[in-house]
Amino acid sequence: MAFFRPRVSREAEVRYHADQEISRSFPELLEKARQAERTLRDLRAGAADELELRAAGQELDRTLTDALRAAESGQRATFGVKSYDDRIARRKAKATPAGAMWTAEVERLRTLREDNRMWGIPRVPRPVTSIPLTTGH
C-alpha cells in the first residue's frame, strides 16, 4: 500500500518561480534605496528647502517599497514551493536560518519605510487657490 503526498498546485509553482525571478533584483533595489537614503541625509545636512526634502523622502519611500517587495518575494521563494499552499510548511521554513534571515530583512525594511513615512517626508502645505465667489444659487 503506497501513500502519495498531494503535489503542490500549479498556481503555487507559478508564484514560486515568479518570486524567484523578482528576488534576483533585490541587491540592486537595496542599493538604490541606500543611495536614496544617502541623498536624503545629504539634503538634510545641507539645509535644503522643504520641497527638495519632500521629493527626496518620497523617492526613498518608493525605493524602499521596491526593495521590500523583492525581499518579500525572496522570503517566499526561500520558504519553498510547498509553503504557498501549506501554512505549517511556511512556519517550519521560517524557523530555518535562511528563512529567519529573510524574515528579519523584511521586518527591517518595513520598519525603515514606516519610519520614513512618519518622519522623513516633510508635510508641505497645499497652495491656496482662489475660489470665485458667485452670487446665485
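A residue is called buried under 20% relative accessible area, exposed over 50%, and partly exposed in between (1.4 Å probe, protein chains only). The model is a predicted one, in which local features need pLDDT of at least 70 and side-chain atom pairs count only at pLDDT 80 or more, while totals for chains, interfaces and linings use all residues. Residues are numbered from 1 along each chain as its sequence is written, and side-chain values use heavy atoms, with hydrogens and water left out.

**Aromatic pairs**

Begin with Trp102, which is buried because its relative accessible area is 14%. Rings of Phe, Tyr and Trp (its six-membered ring) pair if their centres lie within 6.5 Å; planes under 30 degrees apart count as stacked, over 60 as edge-to-face and the rest as tilted. The count by this rule is two aromatic pairs. In one, the rings of Tyr16 and Tyr84 are edge-to-face, since their centres are 6.3 Å apart and their planes stand at 80°. Tyr16 belongs to helix α1 (residues 10-23) and Tyr84 to the loop between α3 (50-79) and α4, 68 residues apart. Helices are DSSP runs (H or I, at least four residues), numbered from the N terminus. Both Tyr16 and Tyr84 are buried.

Phe26 lies in helix α2 (residues 26-45) and Trp102 in helix α5 (residues 97-120), 76 residues apart. Phe26 is buried as well, at a relative accessible area of 9%.

**Salt bridges**

Side chains of opposite charge can pair when their charged atoms come close. A salt bridge here is a side-chain nitrogen of Lys or Arg within 4 Å of a carboxyl oxygen of Asp or Glu. The structure holds 14 salt bridges.

Select Arg10 and Glu13, whose closest N and O atoms are 3.2 Å apart in a salt bridge. Both residues lie in helix α1, three residues apart, about one turn of the helix.

Next, select Glu59 and Arg62, which meet in a salt bridge of 2.6 Å, N to O. These two residues lie in helix α3. Glu59 is partly exposed at 33% relative accessibility, and Arg62 is likewise partly exposed at 45%.

**Final stop**

Select Ala95, in the loop between α4 and α5. Ala95 is exposed, at 65% relative accessibility.
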